[in-house]
Structure formats: C-alpha cells, structure tokens
2 protein chains.
Amino acid sequence: MPRTRPKTPGRRKAAAATARRAPERELLSPDAWLDAAGLAIAEGGFDNVRVLTLAKRLGVTRGSFYWHFADHAELIARFLERWRDRRLAELAYLAANPDPNESELRRVFRLVLREPARNARQMRVELAVREFARRDAHAARIVAEVDRARIEHVTGFLRDAGVDEAQTRDLALLVYVATIGGRVVLTAFPEHEPAIERIEQLIVELIAGRRGGRADSAVA
Amino acid sequence: MPRTRPKTPGRRKAAAATARRAPERELLSPDAWLDAAGLAIAEGGFDNVRVLTLAKRLGVTRGSFYWHFADHAELIARFLERWRDRRLAELAYLAANPDPNESELRRVFRLVLREPARNARQMRVELAVREFARRDAHAARIVAEVDRARIEHVTGFLRDAGVDEAQTRDLALLVYVATIGGRVVLTAFPEHEPAIERIEQLIVELIAGRRGGRADSAVA
DNA sequence: CGGACTCCGTACACTTGTGTATTGAGTTGC
DNA sequence: GCAACTCAATACACAAGTGTACGGAGTCCG
C-alpha cells in the first residue's frame, strides 16, 4: 500500500463535481474506468482489459487506476456487477412501464432481439460476458442471475398471453435461446437481420398455435 | 531464420510413424500442437493460446514449436483451417450416409443440437471461434463458410421434408439460430438440457405446421 | 496560510510471453 | 560409417503488463 490508501477510495460525489471549481484537468471517476473497460471488452473480450491500455486511452497513467481500484480483479468484478444491475434495471423498467400501443410479446422481442442488434457495443459486451462466464465463477453467477430474470420475464408474458401453462417455460426458453443465437450470428453477419425479423414472426405463430387454439389478434 | 528452416517443415507421415523404430521420446507432429491449441482454446479462448504454455503441456520447449510453425499467427491460421475442414467433412458425411431408420430432421437436430452438447470441448471451441471471429478477419471468413454450409444443409432437408419452399430459408435459420443459442446457454447451465430437448420438439411441430403450404402461413 | 486530503505521475521490481540464433542429440540414406 | 536431415534444447534480446512505493501538484477547510 502507498501511504494509507482507504479501502473504499475517493468516492467523489458526481453531483458536486460541477459545483466545485473545475480543476485544470477533469478528474476521473471509477465509472470512467468502467466505461473504458466496457469499450475494451466490446473490442477484444475480457482478456483485452489491461490497466495500461485503459490508462493510455483515458489520457492518464496507472497511478490513477490504483487509486480507484485495488487491482485488476476488482475492476473486473465491479464491471460485472454494474452490468448485471443495468440489465436487471432494464427488465424492471419494462415491467413497470407497459406500453398500451404495443403487444407485450412484441416488446419482449424488441428488448431481447431487435434492440441489442442496433446497439452493437452492448451486444458484444453481453457475448463477451457470456464467454468469460465459462471460465470465471463470478461471471457465471452474474450471467445466471440475468438469464433467470429474463426467462422469468418472458414466462410471465407468455402466461399472461394465454399460453398453455405447462409449456410456458419451454416456450420462453425457446424464445430466449433463439434470441441469444440470433445475436451471435448477427454480430458476425449483420446482413441476416431481415431474416431474423421473419424468424420473430415464426415464433409468434408458434406461440399463437400453443394458446388455447386460436388467436393471432391478442398476440400480434 | 535459424539455419535454413524449410518453408514447409517436417511433414512426418503419421502412418509410417509406427513402422519407424520408435525414438526414445515420441516426436511431435504439427497436429499435436494443433490439438494442444484446441485444448487451450476450449479452456480460455484464443487469447489463451500461448506457445510457452502449449510447450509446457506437451513436455517440450518452444524450440519444437518454431520448427513446425513459422510463428504464433501461423498456428492460429492452421488451427482455423483444420477446424473448418472438419466441420465441412462432418456435413459431407451426414449427406452421404443417410440413415433409413431415422428421420432426416431428427438427424439434423442430432448433429447441430444434441451431439455437440455432449462433447463439451468441441462446443466450447466452436463458441470461441465465433468469439474470435468478431475481431479477426480470417476467422470471420471461416465461420461464414461453415455457417453457410450448415444453413444450406438444413435448408435442403427442410425442402425434402416438404416444407413450403418460400419459407425453408427462414425456418432453417430459425433452427440454426436456436441451436447456436442453445449451445451458448447450455455451456453455462447444463441443467437446462432436458428443456432444450423439449424445444427441439416444439420446432418439429412448428415445421410440421409449415408443411404443405397452409393458408394462414401468409401472415408473415 | 497551512495542514490535510484527493488524485495522479514516476520509478522500480517482477512476471510472462514472443521470436531468433545456435547447438546438439537421434535418425535415415547411401 | 558418415554426411545429411529432423527435431528439440538452450540462451539471448526484447516487449508488454502488473503491482508497489513514493513524491507532488491541486484543492478544501478552518
């Protein structure tokens, strides 16, 4: 340890940062480091997160980093937890703000299928997190939490849509699995995007067929 | 260059290896290095392929490596090409050896959905290749070739199964995308495997419903 | 104005990894 | 048997990355 670095370092209040007389050079918040890490992860996965590289990109030296974070491992851990919190908040917002002009199922697809396809960076980060989860226990737990919440979410929608109770789980898993797979192939070949949207329609039909017999109206 | 290392190094015929009087220590073939690389990739992705580590695992030093390969890049390139050739051969074998006791569609699922789920290493390698393809042009081309061939294969099966011609491509893509997605989540959570098999059944029903061109198929 | 605090720069020690040059022990062919 | 060949060991130079120790410029607060 340098002098006596606090275990929870400089927690600068972001709000008071502007009220404070602006320093010559803008100081860095931990979030700035996490954002930089996110960029590096989107580009080359978790192995591409190097303190030296991030510092260079942020225009500072590693001295700053080791003030905000104990070490490289803490950066990764905090990044993963922030990622999980944001994904869960995403779901919570969706559940709390129903859109009366759109069917629920469509919104699910928009969230997990179409929307991320437009935000390439976010999609790449998610895939990188999943990749990393295969060799990191902490990441595996994080991914499990997010997967669980998402599947639960889709399941609830399907149940509300009148799908046969015994099969909502399998259908939800199908939707989720097709979604993830779509992301994987889309990151490599964006030209398939229109086809992915037609696939969405196929799944809608499959679900419609699984409801008590009829119903394009309520679902679509 | 050392002395005058040949551009195409020692190509030991694997067949004559046993006829040859066995050396004190078994010599390494390039394939041995490629296999070791595959193990490293399955464990930690392409960034985990390090000449030093492979050598340690093979019980030799890097001197051997630089005899068989020009450099690290060549190892990666040859690994990718071998991977592609094997995947294409896999498909060719399937097409050339029809099994009269099993439906074609089932065989497709067995190949792309159930079989790899049992071979964890192969599955992880495939996912790592796809991850690597997002930042490596060569890998991207390789993956494109394999994807193209597989989707073509599934499309052919669906057409033979009597699926509406106009939609075979979309259905094939759905099958493929669901497959890839299934692999991704299964690598993280193997306990979902039975659910994946039920998903297979759902897709079969979807395809059956698509057979013979029904009227309501015009919804898309 | 002066101490304490916040944040970053600098310098050092250490580790891991690549690539090259060279040597050297087996093996094969003639 | 002996040269040529095959394959691996060793030693070296170099680069990149981590973590730590310490110094130092701003900034706030009394």
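Visitor: What is the mean pLDDT of chain A?

Guide: The general idea is a caution: where pLDDT is low, the predicted coordinates should not be read in detail. In this model, chain A has a mean pLDDT of 78, and 74% of its residues reach 70 or more.

Visitor: Which elements of chain A have the lowest and the highest mean pLDDT?

Guide: The lowest mean, 35, belongs to helix α1 (residues 16–19) of chain A, and the highest, 95, to helix α2 (residues 30–44) of chain A.

Visitor: Where does the pLDDT of chain A stay under 50?

Guide: One such stretch is residues 1–24 of chain A, for which the model has seven contacts beyond four places in sequence. Residues 213–220 of chain A are also below 50, and this stretch has 13 contacts in the model beyond near neighbours in sequence.

Visitor: How is a pair of packed helices described? What are the values for α2(B) and α7(B)?

Guide: Two packed helices are described by the angle between their axes and the distance between the axes. Helix α2 (residues 30–44) of chain B and helix α7 (residues 120–133) of chain B have axes that come within 8 Å and cross at roughly 75 degrees. Angles of 65 to 115 degrees count as roughly perpendicular, and α2(B) and α7(B) are therefore described in that way.

Visitor: Which residues meet there?

Guide: From α2(B) come B:Gly38, B:Ile41 and B:Ala42; from α7(B) come B:Arg121, B:Arg124, B:Val125 and B:Ala128. By class, this contact has four nonpolar, one polar and two charged residues.

Visitor: How can chain A be laid on chain B?

Guide: A turn of 180 degrees with a shift of 0.1 Å along the axis does it, with an RMSD of 0.1 Å. The two copies are thus related as by a two-fold rotation axis.

Visitor: How many residues does each chain put into the contact?

Guide: Chain A gives 39 residues and chain B gives 39 residues. On the side of chain A that touches chain B, α9(A) gives the most, with 14 residues. That side divides into 19 nonpolar, eight polar and 12 charged residues. Of the interface residues of chain A, 92% are also interface residues in chain B, so the copies meet through the same surface.

Note on methods
Residues numbered from 1 in each chain as written. Chains lettered and ligands numbered in written order. Predicted model: local features only at pLDDT ≥ 70, side-chain atom pairs only at ≥ 80, totals over all residues. pLDDT = per-residue confidence, 0-100. Helix = DSSP H or I, 4+ residues; strand = E, 2+ residues; numbered from the N terminus. Contact = placed C-beta atoms within 7 Å. Least-squares fit on C-alpha atoms with pLDDT ≥ 70 in both. Axes fitted to C-alpha atoms, helices over the stretch in contact; angles between N-to-C directions. Parallel < 35°, antiparallel > 145°, perpendicular 65-115°, else oblique. Nonpolar A, V, L, I, M, F, W, Y, C, P; charged D, E, K, R; others polar.
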